[in-house]
Amino acid sequence: MSVPLLQLIEDKLADHTPSKPRLRRFMKRSAVALILQIREGELNVLMIKRADRKGDPWSGHMAFPGGRMDRTDAHGFATAVRETEEEVGLTLVDSDRCIGRLSEINARPDKLALGMAVAPFVFRLEREVEFTPNYEVAEVVWIPLEFLLDTDNRSTMVWERGGVKLPLPCYMFEGRRIWGLSLMMLDELMDLVEGKNPGRKNWRRS
């Protein structure tokens, strides 16, 4: 199923029109790379576990390689490529095709009133690579997409901030919790694959 699934994703992304935050031009910008690869017959997506770091609003979270746009970056795509090389030591070259992008998400770290527009770029990786994570990354993990597509693997967590408790969807994969911004991106990807699924409720924010 993995090869047809990857081709389906590529076809769907080709016709997809990703949305962008309304105030995008006034916001800080960042970008991430969703890297897909068939491994041992299964389609996987690359994720990282961010290192525990003071001052990092996503400290310890499961995420995708990426980060804030630099002044030297010509565009979001350049940011995703540069940050992937810096964080996990993977240099994305022309043969690692970017097959599309997902909707930008408005992340809201504490110090940014307008938030930050995060642009996800989807890549198709067809070669074996070795990772050399930097100090920002505790772990590099391949997550089977079919695990995520199975809504029986989906559960709920309670997120608390400022005394407010909010139930949010998540996945637990071998002791690692996938939730928040990363799950919003994955949910959009999975909606492209199979359409709306009642087990995957629409909870995303722009």
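Select β9 and strand β10 (residues 164-173) to begin: the two pair in the antiparallel sense over eight bridges. Strands here are DSSP runs of E with at least two residues, helices are runs of H or I with at least four residues, and both are numbered from the N terminus; two strands pair if DSSP finds at least two bridges between them. The model is predicted: local features need pLDDT of at least 70, side-chain atom pairs count only at pLDDT 80 or more, and totals for chains, interfaces and linings use all residues. Residues are numbered from 1 along each chain as its sequence is written, and side-chain values use heavy atoms, with hydrogens and water left out.

Next, pick T156, which stands opposite P169 in β10.

Now show the whole open sheet, in which three antiparallel strands run in the order β9-β10-β11. β9 (154-161) and β11 (176-178) are the edge strands, each pairing on one side only.

Then select I9, L148, I178 and L186, which touch the most other members of the largest nonpolar core, a set of 36 residues. Such a core holds buried Ala, Val, Leu, Ile, Met, Phe, Trp, Tyr and Cys residues joined through side-chain atoms within 4.5 Å; buried means under 20% relative accessible area (1.4 Å probe, protein chains only). Helix α4 (residues 180-194) gives the most to this core, with nine residues.

Finish at a second, separate core of 18 residues, including A31, I48, F121 and V129.

How values were computed:
Buried < 20%, exposed > 50% of the residue type's maximum accessible area, 1.4 Å probe, protein only.
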